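Please read it alongside the sequence and the coordinates.

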Amino acid sequence: MNYHSRIFQVVTNSDNGDTSSETTFHYKQEGNILTSIYSGGSIVSGHLLGIVDDDGNIDMQYHHINSNGEIMTGLCKSTPEILKDGRIRLHEEWKWTNGDQSSGKSTLEEILFDANSIS
């Protein structure tokens with residue numbers, strides 16, 4: 001599975017997470033190395049770095065600055081699901097590595113753009 005040039009949006013997140021439905025992730029992948037920039041909602045600017053295995057599972061670390069001016073860091077494992085329409089849904093289990101060091105779960109879904117709708 002290759003995530004290169006795919007865009008994901010948060011669908012659900014635990015209450016102790018910073019991301020929301022306003023947060024989008026722009027993925028790039030070379031070989032099995034995944035990177036992403038993300039922002040939106042309470043995320044001012046964020047980055048992640050991960051490794052993709054043969055089944056499309058992602059083991060990653062992330063950091064971002066939130067709207068409170070805090071630098072937040074964490075670990076995440078994502079498991080892909082292919083939806084009926086061909087999009088990818090990511091089921092994530094994450095843990096803060098700073099702050100209260102709590103953990104949570106989130107779900108992201110791929111956003112598809114219709115080239116005909118862009119003017």
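Strands (E, at least two residues) are DSSP runs, numbered from the N terminus, and two strands pair if DSSP finds at least two bridges between them. The model is predicted, so that local features need pLDDT of at least 70 and side-chain atom pairs count only at pLDDT 80 or more, while totals for chains, interfaces and linings use all residues. Residues are numbered from 1 along each chain as its sequence is written, and side-chain values use heavy atoms, with hydrogens and water left out.

**Overall sheet**
- Eight strands form a closed barrel in the order 1-2-3-4-5-6-7-8, with antiparallel pairing.
- On average, neighbouring strands of this sheet are turned by 30° against each other, direction ignored (axes are lines fitted to C-alpha atoms, and angles run from 0 to 180 degrees between N-to-C directions).

**Strands 2 and 3**
- Strand 2 (residues 24-30) pairs with strand 3 in the antiparallel sense over seven bridges.
- Phe 25 has Tyr 38 in strand 3 as its bridge partner.
- Two residues lie between the strands of this hairpin, where Gly 31 takes a positive phi near 65°.

**Strands 3 and 4**
- Strand 3 and strand 4 are joined by seven bridges in the antiparallel sense.
- Ser 36 has Leu 48 in strand 4 as its bridge partner.
- The hairpin of strand 3 and strand 4 has two residues between them, and Gly 41 in the turn has a positive phi of about 65°.

**Faces of strand 3**
- In a regular strand the side chains alternate between the two faces of the sheet.
- The covered face of strand 3 (residues 33-40) holds Leu 34, Ser 36, Tyr 38 and Gly 40.
- Ile 33, Thr 35, Ile 37 and Ser 39 make up the uncovered face of strand 3.

**Strands 4 and 5**
- Nine antiparallel bridges pair strand 4 (residues 43-52) with strand 5 (residues 58-66).
- Gly 50 stands opposite Met 60 in strand 5.

Conventions
Helix = DSSP H or I, 4+ residues; strand = E, 2+ residues; numbered from the N terminus. Buried < 20%, exposed > 50% of the residue type's maximum accessible area, 1.4 Å probe, protein only.
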